[in-house]
Amino acid sequence: MAEHRVPLAGLPRLPWLWAAAGVALLIAAAAVGAVVGPVHVPMRVVLQAVASPPFLGSGGASSGPLAILWSLRFPRVVLAALVGALLAVAGAAYQGVFRNPLADPYLLGAGAGAVLGATIAIVLTQGATVLGISLVPVAAFVGAALAVSATYTLGSSLGGYRNPSTLVLAGVAIAAFFTAVQTYVQQVRSDSLRQVYAWILGRLVTAGWDGIAALVPYAVLGVGVILAHRRLLDALAVGDEEVSSLGVSPRRVRLIVVAAATLCTAAAVSAAGAIGFVGIIVPHTVRLLLGTSYRVVLPMSLLLGAAFLVLADTVARTLTAPAEMPIGVVTAMVGAPFFLFVMRSRRLREV
């Protein structure tokens with residue numbers, strides 16, 4: 001819409017050098033993810049596989065290491081990049097909407113709601129589809145939307161705008177409730193306990209390129225809407241009056257961005273399970289390096305989130321090889337100390 005194209009004076013654009021560095025980091029992370037694993041693949045073989053994709057009819061990619069790369073490792077690297085980008089962008093969007101740098105898809109309850117919805121879909125439908133569409137992402141979105149709505153309502157009633165930490169506490173309470181319901185569902189359907197539990201810890205085992213293709217529409221829609229509102233998120237950081245002066249309703253902006261961030265979270269959870277802290281680690285790292293403008297934070301979070309999760313997944317599948325560590329454990333080991341660092345730095349600034 002026209003009002004969304006109104007420029008805000010004084011806002012920095014993403015420097016091309018940093019953008020190039022982000023792209024280079026993502027390419028380097030993807031190369032590491034393709035080479036490193038329980039079975040080491042030489043870089044020359046990876047380059048040969050990239051140069052001989054099976055969809056071009058090249059016979060070299062139809063057997064041996066090249067076939068393994070195209071059928072297993074490349075899809076996993078791409079899925080990790082997609083999920084990392086979705087979680088990082090969603091975290092940055094939530095932080096902008098709620099004006100709270102501690103906001104995160106999991107701290108606001110969206111992750112717990114998506115996990116509950118997806119768990120119910122897994123238990124009841126056993127992978128069934130309706131009109132060719134999997135019910136897991138739909139159920140995950142519904143659960144995430146309910147959780148975020150409950151967090152927003154509870155936090156606002158307790159003065160969330162006057163004290164941003166109240167919103168996080170409300171999210172923790174809602175997440176605990178949804179987690180309790182999800183645990184109950186697991187116990188009632190104990191025959192699916194092992195499958196659901198392994199999924200909850202986070203995993204990036206793909207069903208091949210078809211599974212990634214099913215995730216792409218949700219990713220494009222959610223990320224596209226958030227990026228289209230990056231200028232308005234900068235205006236929200238100044239105040240609702242700044243958004244109103246552009247002829248746009250602040251409430252409408254919040255609703256659209258929250259819906260898009262919730263869609264990103266639900267898509268990531270339905271594809272990879274519960275993977276926490278990405279939405280805090282990546283946006284805060286970008287802010288420390290490049291400032292707080294969402295015209296910079298959002299695109300860089302997209303690139304760095306993708307690179308971060310590719311590297312985290314590489315650690316998860318190689319650290320205890322031939323066994324595989326849940327990727328949620330790896331991100332928690334990095335994210336928990338980082339979260340404490342963020343809280344401590346905020347407290348020192350307030351003193």
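Two residues are in contact here when heavy atoms of each lie within 4.5 Å. With that in hand, welcome to this predicted model, in which local features need pLDDT of at least 70 and side-chain atom pairs count only at pLDDT 80 or more, while totals for chains, interfaces and linings use all residues. Residues are numbered from 1 along each chain as its sequence is written, and side-chain values use heavy atoms, with hydrogens and water left out.

**The overall picture**

The protein chain has 14 helices and 2 strands; these are DSSP runs numbered from the N terminus, with helices (H or I) of at least four residues and strands (E) of at least two. Of its 351 residues, 50% are buried. Buried means under 20% relative accessible area, exposed means over 50%, and partly exposed lies in between (1.4 Å probe, protein chains only). Among contacts between residues at least 6 apart in sequence, 76% join residues at least 24 apart.

**A buried aspartate**

Let us start with D313, found in helix α13 (residues 294-318). D313 has a relative accessible area of 2%, so it counts as buried. Apart from neighbours within four places in sequence, D313 touches R76, A80, L204 and I327. With R76 there is also a polar contact of 2.8 Å between the side chains; such a contact is a pair of N or O atoms within 3.5 Å, where, within protein, one must be able to donate a hydrogen and the other to accept it, and residues adjacent in sequence count only if both atoms are side-chain atoms.

**Nonpolar cores**

A nonpolar core is a set of buried Ala, Val, Leu, Ile, Met, Phe, Trp, Tyr and Cys residues joined through side-chain atoms within 4.5 Å. Which residues touch the most other members of the largest core? They are V83 and Y94, out of 96 residues in that core. Helix α3 supplies the largest share, 17 residues. Setting aside residues up to four places away in sequence, V83 touches L204, L215, A268, A271, A272, I275 and L309. A second, separate core has 10 residues, among them A34, L66, L69 and W70.

**Aromatic pairs**

There are 5 aromatic pairs in the structure. Rings of Phe, Tyr and Trp (its six-membered ring) pair if their centres lie within 6.5 Å; planes under 30 degrees apart count as stacked, over 60 as edge-to-face and the rest as tilted. Two of the pairs are set out here.

| Pair | Distance of centres | Angle of planes | Kind |
|---|---|---|---|
| W70 and W209 | 6.1 Å | 45° | tilted |
| Y94 and F98 | 6.2 Å | 15° | stacked |

The tryptophan pair links distant parts of the chain, with W70 in helix α3 (residues 64-98) and W209 in helix α8 (residues 209-228), 139 residues apart. W70 is buried at 14% relative accessibility, whereas W209 is partly exposed at 37%. Together with F74, W70 and W209 form one aromatic cluster. Y94 and F98, by contrast, both sit in helix α3, 4 residues apart, about one turn of the helix. Both Y94 and F98 are buried.

**A helix with two faces**

Finally, look at helix α2 (residues 43-51), where V45, V46 and A49 are buried. Seen down the axis of α2, the buried residues fall within an arc of 100°, so they line one face of the helix; the arc is taken from the directions from the helix axis to the C-beta atoms. The face turned away from the buried side of α2 carries the exposed residues R44, L47, V50 and A51.
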